[in-house]
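Let's take a walk through a protein model together.

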Amino acid sequence: MRPETESDLRAVDVTKRYPGFSLEGVTLEIPRGFVVGLVGQNGAGKTTLMRALLGSVRVDAGHVELFGQDLCALGDPQRAALRARVGYVGAICSYPPTMTVAQVAHMSALAFPRFDREVFEGLCRRLGLTGGGKGSRSVKELSRGMGMKLQLCCAMAAGSDLLVLDEPTSGLDPIVRDEVLDVIRVWMEAEGRSALISSHITSDLEKIADYVVMLDGGRVALSCARDVIDDEMGIAHLRGAELERVLSEGRVAAPGEARVLKRDLSFELLVSDRTAFARAYPDYVCDRATIDDVMALMIKGEVR
């Protein structure tokens with residue numbers, strides 16, 4: 001993943017080890033002006049990676065560059081200055097539960113030098129957090145969706161150049177999910193803004209992400225433009241003899257590189273170029289791939 005632009009965040013061979021789990025040699029980039037979607041099963045290392053990218057934990061090997069500067073080489077004041085340009089939204093609203101929406105805004109203004117209260121209030125009105133006395137509600141009175149909206153309002157009003165969002169739409173109903181995605185889209189329209197979004201809801205990433213990075217067991221299993229998945233990849237549905245023929249001819253993948261998943265009555269084969277596959281095997285069915293399809297084949301599929 002190397003678009004013709006600068007990267008706001010870049011990780012190179014990042015390794016972080018814990019008892020029973022480790023990130024191993026993770027490399028990724030968040031190009032300026034683009035959205036990167038981070039996917040993987042529970043326990044794949046997404047949250048650990050985000051913490052490493054933000055400097056919340058020290059990596060054991062490799063390095064992280066934030067806005068072109070190596071975090072490990074900076075002192076605490078310099079790291080804090082860079083971190084102030086990043087808006088983080090966690091999977092759980094972590095503001096003090098007794099604070100009101102207005103008090104959360106005041107706290108954010110003290111923490112972030114570029115916090116814009118007018119922007120915050122405009123976002124809150126748009127997302128239904130204020131008006132009609134709603135601004136006096138405490139954090140503990142907010143629904144999960146409202147808590148996520150509050151975090152987004154604070155992150156976007158803080159003058160952030162980069163958003164890092166951990167499961168921002170998980171557990172939300174479809175209408176609220178679309179509201180959140182629309183707000184992110186509008187925020188991204190300003191020049192020079194970027195976002196990293198971790199999500200299990202891959203259909204949301206298909207609407208907004210420019211690139212997809214897939215983690216499996218603490219390692220990068222796939223990294224590509226989302227358009228590659230949408231426009232090029234495919235899932236071939238084959239009977240046993242058809243699968244053996246395709247694999248033996250080596251047109252789809254070299255030996256040891258094909259990904260195959262057995263279903264009840266057939267096999268699924270991950271195809272990197274479905275147009276070429278259709279030319280080579282016009283009688284075989286090959287559908288468009290989704291992020292979910294590719295993740296299932298990459299993580300659960302047998303290597304053949």
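How many salt bridges does a search of the whole structure find? The search finds 19, where a salt bridge is a side-chain nitrogen of Lys or Arg within 4 Å of a carboxyl oxygen of Asp or Glu. Before we visit some, note that this is a predicted model, in which local features need pLDDT of at least 70, side-chain atom pairs count only at pLDDT 80 or more, and totals for chains, interfaces and linings use all residues. Residues are numbered from 1 along each chain as its sequence is written, and side-chain values use heavy atoms, with hydrogens and water left out.

Start with Glu65 and Arg10, whose side chains form a salt bridge of 3.6 Å, N to O. This pair links distant parts of the chain, with Glu65 in strand β4 and Arg10 in strand β1, 55 residues apart. (Strands are DSSP runs of E with at least two residues, helices are runs of H or I with at least four, and both are numbered from the N terminus.)

Next, find Arg226 and Asp230, which meet in a salt bridge of 2.9 Å, N to O. Because they are four residues apart in helix α8, about one helical turn separates them. Both Arg226 and Asp230 are buried; buried means under 20% relative accessible area, exposed over 50% and partly exposed in between, using a 1.4 Å probe and protein chains only.

Lys207 also has a partner: its salt bridge with Asp178 has the closest N and O atoms 3.4 Å apart. Here helix α7, with Lys207, is linked to helix α6, with Asp178. Lys207 is partly exposed at 44%, and Asp178 is partly exposed at 35%.
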